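Subject: A structure for you to look at

Hello,

Here is the structure I promised to send you. Have a look at it first, and then read on for what I found.

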Amino acid sequence: MKIDIITKEDLQEFKTELLEEIKNFLQVKNSEKKLWLRSTEVKELLKISTGTLQNLRVNGTLSYTRIGGTLYYNYKDIEQLLNKKP
């Protein structure tokens with residue numbers, strides 16, 4: 001039976017490789033985000049009420065597209081809104 005000795009350096013290298021793989025995995029998941037969100041998804045994401053979302057639409061803070069009876073919001077517009085400095 002062969003016995004391998006693991007050093008602290010081996011563990012540190014393993015940790016670094018594992019963290020890098022996790023970061024790559026998360027980047028892939030982030031690139032798979034939906035481009036268009038419905039009103040309910042936007043309210044959950046921003047943690048706002050229906051009235052607040054309506055106010056954002058009415059005052060032009062958040063643009064939207066209406067298809068049939070459903071409102072859609074571009075995810076990039078929501079990101080810009082969140083990153084906007086007060």
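A residue is called buried when its relative accessible area is under 20%, and exposed when it is over 50%. Please keep in mind that this is a predicted model.

Let's start with helix α2, residues 39-46. Which residues of α2 are buried? They are Ser39, Val42 and Leu46. These residues sit on the same side of α2, because they cover an arc of only 60° around its axis. They pack against β1 (36-38), α3 (50-58), β3 (70-74) and α4.

Now for the pairing of helices. Two packed helices are described by the angle between their axes and the distance between the axes. For α2 and α4 (residues 75-83), the axes come within 12 Å and cross at roughly 25°. Angles under 35 degrees count as roughly parallel, so α2 is roughly parallel to α4. The crossing of α2 past α4 is right-handed. On the α2 side, Val42, Leu45 and Leu46 make the contact, and α4 brings in Tyr75, Ile78, Leu81 and Leu82. What kinds of residues are these? The contact has 7 nonpolar residues, no polar and no charged ones.

Is Gln80 buried or exposed? Gln80 counts as exposed, because its relative accessibility is 56%. Between the C-alpha atoms of Gln80 and Leu62 there are 9.5 Å in space, while the two residues are 18 residues apart in sequence.

Best wishes

Notes. Residues are numbered from 1 along each chain as its sequence is written. This is a predicted model: local features need pLDDT of at least 70, side-chain atom pairs count only at pLDDT 80 or more; totals for chains, interfaces and linings use all residues. Side-chain values use heavy atoms; hydrogens and water are left out. Axes are lines fitted to C-alpha atoms, for helices over the stretch in contact, and angles run from 0 to 180 degrees between N-to-C directions. Helices (H or I, at least four residues) and strands (E, at least two) are DSSP runs, numbered from the N terminus. Angles under 35 degrees count as roughly parallel, over 145 as roughly antiparallel, 65 to 115 as roughly perpendicular and the rest as oblique. A crossing is left-handed if the near helix is turned anticlockwise from the far one by less than a right angle, and right-handed if clockwise. Contact means heavy atoms within 4.5 Å. Ala, Val, Leu, Ile, Met, Phe, Trp, Tyr, Cys and Pro count as nonpolar, Asp, Glu, Lys and Arg as charged, and the others, Gly among them, as polar. Buried means under 20% relative accessible area, exposed over 50%, partly exposed in between (1.4 Å probe, protein chains only). The arc is that of the directions from the helix axis to the C-beta atoms.
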